[in-house]
Structures are given as structure tokens and as C-alpha cells.
Amino acid sequence: MDKNTRICIVGGGPAGLSAGMYLEKKGYNNYTILERLDRVGGKCWSPTYNGRRYEMGAIMGVPSYYAVHDVEEFCGITHDGPKLNRNYKNGQGKVIEPFEPKKNILKIPRLLKMKKQLKRFGELLETKYKGYDLNGHRGVAEGRYEGFSAASAKRQPVSGENPNLKDLALPFKKFCEINGVDLVQDIWIGPFTSFGYGYFDEIPAAYVLKYLDFQTCMNFVKINLWTWKNGTQYIWEQLNDHLAHPARLNSKIDKVERKDGKVYVTVNGKVEEYDKIIVTAPLYIPNKRKDGQVGMVDYFDAREDERALFSKIDYERYDVLACETKPEDHPEISYYVFDNMVPERLGHLMVYYRRWRDTKDQVITTYSLRKHKDSKEIPYDKCRSMVLEDLKVMNNPASKVVNEWSVYYFPHVFSEDYAAGWYDKVEAMQGKYDTFYAGEIMSFGDMDETAEYSRELVERFF
Ligand SMILES: Cc1cc2nc3c(=O)[nH]c(=O)nc-3n(C[C@H](O)[C@H](O)[C@H](O)COP(=O)(O)OP(=O)(O)OC[C@H]3O[C@@H](n4cnc5c(N)ncnc54)[C@H](O)[C@@H]3O)c2cc1C
């Protein structure tokens, strides 16, 4: 492609900003990033409270966050945040240590079985499911793998046939059952369901394992994690500052028309002309949202194939509250509440996070899910009250809510559409209308998978 191609990037979150970075690295200097809000970072939102930044969105990374590492290198920054620590409570607020055999004498046989299954699971993923951990979902539903190896920072291109990969379309619960490793769900659930990515009986294994590949999951187990002192938003603010063309904030896109090999974007009432457009913003939102966020199909001249495919996308209702507590009620540490990570306890507090351990004058943040594929969505206000009640049960009551957010989170498709080749159909449309699709839906809803997908998109098409 001509290096002077005029490229419009919709969205100034990790996917959009890193698309700009990788384009620039490849010699494309005619790109424009349009961001609808007055800040960059998207779901990496780190406001300030009592002089320190806390996290309303993304919190952490792991050492295999290669694309995030590229960004750090590009900007000369590093992961310099507080060390994460955590403990566990049951639904009644009692501290438990579910993985400690000495504290769970009766559970020893189950724990031993789990350990065995974990070993077996690691082996299965390496052998039977070879190719499972590549970024994106190309070929998976057809029993192929195609992408760039995450085994090293060099990311060599790899591809091959592996019919077993078709199993990844199954809900993760089913996937574990057919492989005789159902107990590993006890380990995977912590960094999955409580992080808002849905329940194992509804979410295809592909999403679970592309994010929580074996190595990444073990990094969570060992708390081998990265955080950033000034918050994850800082990573993307820094990247924005280092780009030749920083994002244009407060850009309201009214209309996008694609005709005669050109892309016409109406921004804040004025028409701009581009050659190509990369969409990292939501493609489809099935309901009306209070924050005014809409899907691409609502402001683009969306074609029939785009509408048909994108209408299959659903997303999670994941709520975050930032709460003050009295010093005597401040938690010692962050807590996971496994009892509340099941669909029957929809809307309850699943995890709460204490970020700064040297002070009690900072907020804690709470996390809850209020939608499951097969049940009615719990209204926002009801869920909010349930979470505040749960904090009392946990003996860490909130004295005030200082910030709250129910964000468009983790877009995905369900097993049937995944198995029917949703991803290969969308991948085949890349570039078709001078349009490229990136962002969370194309890989997975975390900082690294989205940034990495942008890297691969640039590598493949530009
Ligand atoms: C509570 C929470 C906790 C999380 N924890 C982690 C974590 O610990 N680790 C991790 O790696 N990830 C975490 N994530 C996920 C991570 O933040 C996201 O996956 C990542 O930010 C996705 O990047 P993105 O650019 O694809 O989308 P987004 O971050 O959503 O960015 C999209 C951008 O597009 C903009 N936009 C939308 N519509 C338009 C439009 N019409 N025109 C112009 N701009 C538009 C949005 O304003 C936004 O800035 C968490 C997210 C949340 C909410």
C-alpha cells in the first residue's frame, strides 16, 4: 500500500493508538485518530483521588504483554505500579484459603485431583490444541491456526492444520468436561469471571484461552503481574504524546460514507476525505445505552453483510464502583469472592480491589456482572445496591461512592456463531469496503490482545 495512504482510525483506546504506532513504525505518516471523548485510553481510565490515580478500568498486565511492552519501549516508560496482592472470602465475608490444603483438610482429594488435571491441561494445550493461543481467531472454527507466535517477542508467523481447535467454539465449561479437566475451572475463574468476562457455561473456550493461555494464567496464580503507578491510562496518554499525530479528541462522527474508493467521514459537522478507515470502536450495540455509545452500523453506510454479522455481537454488563471507606473499614488487601462468581449470584460483588497498601485514604473499587446469556439482565441500580450491601457483609462497608461506571465491555459472539465461522467471515471482509475492523471483538477484551491485533492488522494489510 502507498505510504501516503490517508488512514482514518476510529477510537483512541489501546487498539486505535497502537494502530497509529505500528503504522508510523512501518512508514505510514498520514493517519488521523478520531476519539469521541475528551481523553484517550478508552477502557483504561485512571482518575485521580487524593493526589493518586486509581483504576476505573484496566488494572494489570503480565510479562507476556508483548504489544504493551512495545508501547512502553516506544515511550520510554515501564510498569512501575504497586504490587498486587489478594486474598479470598466466602459469601458470608469470612476469609478463606481455598487452595491451601492445610486449611481445607476435607478438600484435599479435590485439590490433589485439580493439581493433576492442571498438569494434564497444560500438556493438552501444547499438543492436542497446538496453535490455540495465537492472537485473533483466524481459522479456528475450520480447524486451522494462523497468526504470529507469542512464544517470543519476535512473533514469527505460524500456521497449520489442527482439527481439534474446532473444540474452542464450545463453552469453556463443556470444553473442560470433554477433556476431563473440569476442575481447572476453579483456577481460571478468578481472572476470568470476576474480571467481567462472563460465565464458563456461556463463553466459548477460545476467548478464555486466548486471553488466559496457560502461561498467562500461571502468572495470575503466582501474582506475577504488572501495574502502572499513574494508571493504565498513562500508558496510552504517553503513547498519544509520542505519536506524530496524536488523537483528535472530542471528535463526534456523524456519518461515514464509503464510495468510489474513498471514505468520507463527517466529524463535528465537517466532511473529511480518507482512503482507508480502521474501526476500533464498537461495531454493534444491541441496546440503547445511557452513555450515548452506539455501534459502527449506526453511523456508517453499513452494508448488508456487515449488519448481518455484527448483529450477532453481545457484550457484558460489568459495573465498577469506586468507594471511600472509613479507615477502620478499609480492607487489608484485595479480595476475591468465589461464591459470587456463579450465574445464580448474578449482580453480587465478585472482587474488590485495594490498590494502594501504604494508605487508607484511597478508594477501593468493586466489580460485578449483571447479565448472563440465559437470564434477565439485572437493572443497574439494583446491582449497585446489592454490591454496597455485599461490602457490608464483607465487613468493609463503603461510606461514599465517589465514581461509578457501567461500560460497554468484552464484545463477543456465542458458541453457535463462533462455530459457524463468524470470525473467518469477518476476516474475509477486511479491506473490502476500504474498511478494517480491529479492537476488542477481533481478538479479546484486554489491553494486550487488542494492541497486538492492531500490530498484526498493520503487518497483514499495510
Ligand atoms: C473494569 C475494567 C477492568 C479491566 N481490566 C483489565 C486488566 O486488568 N488488564 C487488561 O489488559 N485489560 C483490562 N480491561 C480491558 C481493557 O481496558 C480493554 O480491553 C481495552 O481498553 C480495549 O481497547 P480498545 O481500544 O479495543 O477499546 P476501548 O478501550 O474501549 O477504546 C475504544 C475507544 O473508542 C472510542 N470511541 C467509541 N466510539 C467512538 C466513535 N463513534 N468515534 C470515535 N471514538 C469512539 C471510545 O471512547 C474509546 O476511547 C479492563 C476493562 C475494564 C472496563
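Mentor: Let's start with classes: Ala, Val, Leu, Ile, Met, Phe, Trp, Tyr, Cys and Pro count as nonpolar, Asp, Glu, Lys and Arg as charged, and the others, Gly among them, as polar. This is a predicted model, where local features need pLDDT of at least 70, side-chain atom pairs count only at pLDDT 80 or more, and totals for chains, interfaces and linings use all residues. Residues are numbered from 1 along each chain as its sequence is written.

Trainee: How many nonpolar, polar and charged residues are in the shell around the ligand?

Mentor: A residue is near a molecule if its C-beta atom, placed from the backbone, lies within 6 Å of it. Here the shell has 16 nonpolar, 12 polar and 6 charged residues. The closest of the 34 are Gly11, Gly13, Gly42, Lys43 and Ala281.

Trainee: Which strands are joined to E13 by bridges?

Mentor: Strands are DSSP runs of E, at least two residues, and helices are runs of H or I, at least four, numbered from the N terminus. Two strands pair if DSSP finds at least two bridges between them. E13 (residues 314–324) runs antiparallel to E17, with 10 bridges, and Glu324 faces Lys400 there. With E16 (residues 364–369), also antiparallel, E13 has 6 bridges, and Cys323 stands opposite Ile364.

Trainee: How should I read the packing of H2 and H8?

Mentor: Two packed helices are described by the angle between their axes and the distance between the axes. Axes are lines fitted to C-alpha atoms over the stretch in contact, and angles run from 0 to 180 degrees between N-to-C directions. The axes of H2 (residues 66–75) and H8 (residues 232–242) come within 9 Å and cross at roughly 50°. That makes H2 oblique to H8 (under 35 degrees is roughly parallel, over 145 roughly antiparallel, 65 to 115 roughly perpendicular, the rest oblique).
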